[in-house]
Amino acid sequence: MNDKRRKKNQPNPRICSFKIKFDGVAFKEEDQAGIGVMIKDNRGLVIALIFQKIDLPHSIGEVEAMVAVRTSKFSLEVGIDTTILEGDYEIIINSLKDENASLASFGHLILDAKLFVDIFRKISISQVHRQGN
C-alpha cells in the first residue's frame, strides 16, 4: 500500500490543522436535499461553511455522494490541501478509501470525489457516528 493511500485511510490529527465535516439530508416533503460542509481549524473554530439545497436525488446514497464531491471541491476552493475529512455515511467513506471503482449507482460521483481528494497534499478520511439531527 502506498504512503498516500495509507494517509487517506488512517486519521492522524498531528498532520492536519483542519477538520472538514460533511453531511447530507433529505427533505422529502419539499422534494429537496441539503448539502452541508463545515471546515474547522485546529482550535475548533469554523473558518468556512456551506449549506446548499438541491433537487432530491433517487437515494440517500446519491445525496451523500454529491456531498462528498461538493466537500472536496469546496475545501480546495477555500485553499485547504491538508485535512481530516469526516462523514457519517459508511458506504461513502469506505468508497472514498477504496482504490477500486465503486459499483454503486452513484459510483460516478464517488469517482469525481476521488479525483478531487487526490489533489490534497495530505488527507485522512474517517467515519464518524451521527449524534442526532
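1. A quick term first: buried means under 20% relative accessible area, exposed over 50%, and partly exposed in between (1.4 Å probe, protein chains only). By that cut-off Gly61 is buried, with a relative accessible area of 4%.

2. Some housekeeping: this is a predicted model, where local features need pLDDT of at least 70 and side-chain atom pairs count only at pLDDT 80 or more, while totals for chains, interfaces and linings use all residues. Residues are numbered from 1 along each chain as its sequence is written, and side-chain values use heavy atoms, leaving out hydrogens and water.

3. Back to Gly61, which sits in helix 2 (helices are DSSP runs of H or I, at least four residues, and strands are runs of E, at least two, numbered from the N terminus). Gly61 touches Tyr89, Ile92 and Phe106 (contact means heavy atoms within 4.5 Å), not counting residues up to four places away in sequence. Ile91 is 30 residues from Gly61 in sequence, yet their C-alphas are 7.7 Å apart.

4. Helix 2 covers residues 60–78, and Gly79 comes after it with a positive phi, near 100 degrees. Asp31 also has a positive phi, near 55 degrees, in a residue other than glycine; Asp31 lies in the loop between strand 1 (18–27) and strand 2 (32–41).

5. Of its 28 residues, Phe22, Val37, Ile92 and Ile125 touch the most other members. Helix 2 gives the largest share, six residues.

Terms used:
Expected span 1.5 Å × (residues − 1). Core = buried A, V, L, I, M, F, W, Y, C linked by side-chain atoms within 4.5 Å.
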